[in-house]
Amino acid sequence: MTSTPDTARLVAGLREQTAAFTRAAAGRDPGTAVPTCPDWPLRTLVAHVGQEHRWTAELVRRREQLAVPDPWQADPGAPDEWAAWLRDGVEELIGAIRETGPETGIQTFFGPRPAVFWLRRMLSDTGVHHFDAAAATGRVFTIADDLAAEVIEEGLDLLAEPAFETVKPEVAGLRGRGERIALRPAAGPGWLITRTPDGPRWERGPGRADVVVSGAVADLMLVCARRVPPHDERVTVTGDRALFDHWLAHTAL
């Protein structure tokens, strides 16, 4: 199943999460360690977020795939300049999407897709990196339930895309024989993932599952993004724990 996102909400959500990321990071010590991105200090995390917004804006404008940039080469400026730099980057991206049109075909990692593909991808990455910045600086992480659900579904859509194996060969390990994983939030129907011989498929709603992961939707998002471990007290795993551990081992985005 592929979800149908609301473009206006994606735009608002990307602004929300970029602003929250900025509050967590701006003005802080650039050398602060980021526990969930252990190879990066805070400055590089900030550089990555601002750089990928600008890179995506250029990709959308040019309508062709571009080489992935090196975040160590980006210059976000001094910490007191980060807020303006991040704001300018996200507005450049939103402007490019609007000018091009969210349904216009744009090159992606595995062929042309509507430009809204990149809006979703940037919302997901920015939302997860907001958590990274908050974890590094001691700020409280928050994300609206609908945005957390969107991040989960965007990730599931990628994993269900057959061509995604050309980008992440390890996802071939997610093929299966009908094993089912359920993500059940405290409110809402949740998601049911089925591992088929052709790769994972998913649908909204309850159903019989071999393993069930329960918790708040934001915490389910963080578990799926491998930011919160499945044994964390914020979530509960019942059933075939090895099946879910195997899933996580093959789903790094």
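Biologist: Let's start with cysteine 37: is it buried or exposed?

Modeller: The model is predicted: local features need pLDDT of at least 70, side-chain atom pairs count only at pLDDT 80 or more, and totals for chains, interfaces and linings use all residues. The cut-offs are under 20% relative accessible area for buried, over 50% for exposed and partly exposed in between (1.4 Å probe, protein chains only). Cysteine 37 comes out at 11%, so it is buried.

Biologist: How many disulfides are there?

Modeller: A disulfide here needs two cysteine sulfur atoms within 2.5 Å. By that rule the count is zero.

Biologist: And which cysteine sulfur is nearest to that of cysteine 37?

Modeller: Cysteine 37 is in no disulfide. The nearest one belongs to cysteine 224.

Biologist: What is the strand order in the open sheet?

Modeller: Strands are DSSP runs of E with at least two residues, helices are runs of H or I with at least four, and both are numbered from the N terminus. Two strands pair if DSSP finds at least two bridges between them. The open sheet has five strands with mixed pairing, in the order β5-β4-β3-β6-β7.

Biologist: Which strands stand at the edges?

Modeller: An edge strand here has a single partner, so one of its sides is left without a neighbour in the sheet. That describes β5 (199–204) and β7 (235–239).

Biologist: What angle does helix α7 make with β3?

Modeller: Axes are lines fitted to C-alpha atoms, for helices over the stretch in contact (heavy atoms within 4.5 Å), and angles run from 0 to 180 degrees between N-to-C directions. Helix α5 (residues 145–160) lies across β3, β4 and β5, at about 145 degrees to β5. Helix α7 (residues 241–249) packs on the sheet too, touching β3, β4, β5, β6 (211–215) and β7, and its angle with β3 is about 85 degrees.

Biologist: On to the aromatics: how do the rings of phenylalanine 109 and tryptophan 118 pair?

Modeller: Rings of Phe, Tyr and Trp (its six-membered ring) pair with centres within 6.5 Å; planes under 30 degrees apart are stacked, over 60 edge-to-face and the rest tilted. The structure holds six aromatic pairs. In this one the centres are 5.2 Å apart and the planes at 70 degrees, so the pair is edge-to-face.

Biologist: Of those two, what about tryptophan 118: buried or exposed?

Modeller: Phenylalanine 109 is partly exposed, with a relative accessible area of 35%. Tryptophan 118 has 0%, so that residue is buried.

Biologist: Which ring does the charged end of arginine 54 sit over?

Modeller: The rule asks for NZ of Lys or CZ of Arg within 6 Å of the ring centre and within 35 degrees of the ring normal. The charged end of arginine 54 is 4.3 Å from the centre of its ring, which belongs to tryptophan 85.

Biologist: Which helix holds threonine 126?

Modeller: Threonine 126 has 0% relative accessible area, so it is buried. Beyond its neighbours within four places in sequence, its contacts include Leu14, Val49 and His53. Its helix is α4.

Conventions. Residues are numbered from 1 along each chain as its sequence is written. Side-chain values use heavy atoms; hydrogens and water are left out.
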